[in-house]
Amino acid sequence: MSATDTAAPPTVGFVSLGCPKALTDSELILTRLSAEGYRTSKTFAGSDLVIVNTCGFIDDAVKESLDAIGEALAENGRVIVTGCLGAKAGEGGGNLVRQVHPKVLAVTGPHATQEVMQAVHEHCPKPHDPFVDLVPTVGVKLTPKHYAYLKISEGCNHRCTFCIIPSMRGDLVSRPVGDVLAEARALFESGVRELLVVSQDTSAYGVDVKYRTGFFEGRPVRTRMVELCEQLARLAEPFGAWVRLHYVYPYPHVDELLPLLASGRVLPYLDVPFQHSHPDVLKRMKRPASGERNLERIRAWRQACPQLVLRSTFIAGFPGETDEEHEHLLQFLREAEIDRAGCFAYSPVDGAAANALPGALPDALREERRARVMAVAEAVSSARLQRRVGATLQVLVDRASALGRKGASGRSYADAPEIDGTVQLLPPTKASTRIQVGEFVRARVVAAQGHDLIAQPL
């Protein structure tokens, strides 16, 4: 046998930054790397080259990504950059990454698996021809085995003035419904117990293909959010798995989801990025869907599905935001009773149309308003959590010490991973009880603490 036959396969270091949508791009690249025989590593030293999947949405994310690229160059020297920052222009219209780090081997934009692999092949030839059967059916995942993100589309048709995502990821492109459902089925069969549906605009799924009819398991299925969710619920049911929806814009057809949410077949949890409440601010933002009736919509949703949990994000200090508009947002938070809310102080992003709007607020005032929004949001969230004391919840276990004998940590239907609170499980009252990661546990809530609940396993 030749030395070439026995040589260790090349190793590719990998860093994934940014949102769950970027995470799914990373998983696609890692799956291809594994299929082609490359080893992957979380460290730079000792790797044959490093791939950095970047985020470029806000200034802090840009800095984090540029710092990660610099660190990879310093420790390894051979770096391929992909992701949203890779599509971002710098001074004079040149590529920002290449201007800051001219020694990188290659730069691509987001959702560019093929381009990344071409760069890898050029700078670190593949060890052998790909054999897909060497890789699990569901590919390589960066999440724990019991939950996974399912990206149903790429890009966005909207042109919100504070956002540059369409310039980096392009217009909406919906994945074929049959492909989405086949991936979901494979994930459930592999042990996934929570499927988190993500995209730039989940509610718009299928708009680009005029909701055309696709096929799955020989049955016709419309390429549309409601029909997709019905099929995901059907696939999840035999496994007792959860389906959670993110980035749901409040279009009228979202109301059609309420029966699915109320039945629990899809989790009664909606991540709806409202961003603001005042109609004038929403117009300056060029937000899709009418914001004037959002409070009325939320009340109707909760009447149809009393257990509904709402997560949202907001921007404080948007250009031209008056004291009255800011107070309108605070009152909206109180009346809408948003369960989980995040807030950013407005940050000018290079290339965003909002930079040209009049009435830019001083940094200190933007930050002060962000703090006020978060104070109201946290008070509302705390009050909502207190209402759960005494309730019995199904908890998906994320961590367990000594098989749960020393307690465990998990999440209820009200908690998405990484961004929401947790349910801290006390040690079981019976010594024989075992709690394992990835399993569901019934527990009674005994207290609320900060963003979390404390519960006793039953």
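Modeller: Strands themselves are DSSP runs of E with at least two residues, helices are runs of H or I with at least four, and both are numbered from the N terminus. This is a predicted model, where local features need pLDDT of at least 70, side-chain atom pairs count only at pLDDT 80 or more, and totals for chains, interfaces and linings use all residues. Residues are numbered from 1 along each chain as its sequence is written, and side-chain values use heavy atoms, with hydrogens and water left out.

Biologist: Okay, which strands close into a barrel, and in what order?

Modeller: Strands of a sheet pair through backbone hydrogen bonds, either parallel or antiparallel. Here 5 strands close up in the order β16-β17-β18-β20-β19, with mixed pairing. From one strand to the next, the twist averages 50°, an angle between N-to-C directions of axes fitted to C-alpha atoms (for helices over the stretch in contact), on a scale from 0 to 180 degrees.

Biologist: In which sense do β16 and β19 pair?

Modeller: Antiparallel: β16 (residues 392-400) and β19 (residues 440-449) share 5 bridges. Look for Thr-392, which sits opposite Arg-444 in β19.

Biologist: Is β4 buried or exposed?

Modeller: Buried means under 20% relative accessible area, exposed over 50%, and partly exposed in between (1.4 Å probe, protein chains only). In β4 (residues 79-83), 5 of the 5 residues are buried, so the strand is largely enclosed by the rest of the structure. Val-79, Val-81 and Gly-83 cover one side, with Ile-80 and Thr-82 on the other.

Biologist: Which strands does β4 pair with?

Modeller: β3 (residues 49-54) runs parallel to β4 and is joined to it by 5 bridges, with Val-52 partnered by Val-81. Between them, the chain passes through α3 (residues 59-75) in a right-handed β-α-β crossover; that means a clockwise path from the first strand over the helix to the second, with the strands pointing away from the viewer. β5 (residues 106-107) is also parallel to β4, over 2 bridges, and there Val-81 faces Val-107.

Biologist: Last one: where is Gln-275, and what is it in contact with?

Modeller: Contact means heavy atoms within 4.5 Å. Gln-275 lies in the loop between β13 (269-271) and α10 (279-285). With 10% relative accessibility, Gln-275 counts as buried. Setting aside neighbours within four places in sequence, its contacts include Phe-162, Met-285, Arg-287 and Phe-314.

Notes. Two strands pair if DSSP finds at least two bridges between them.
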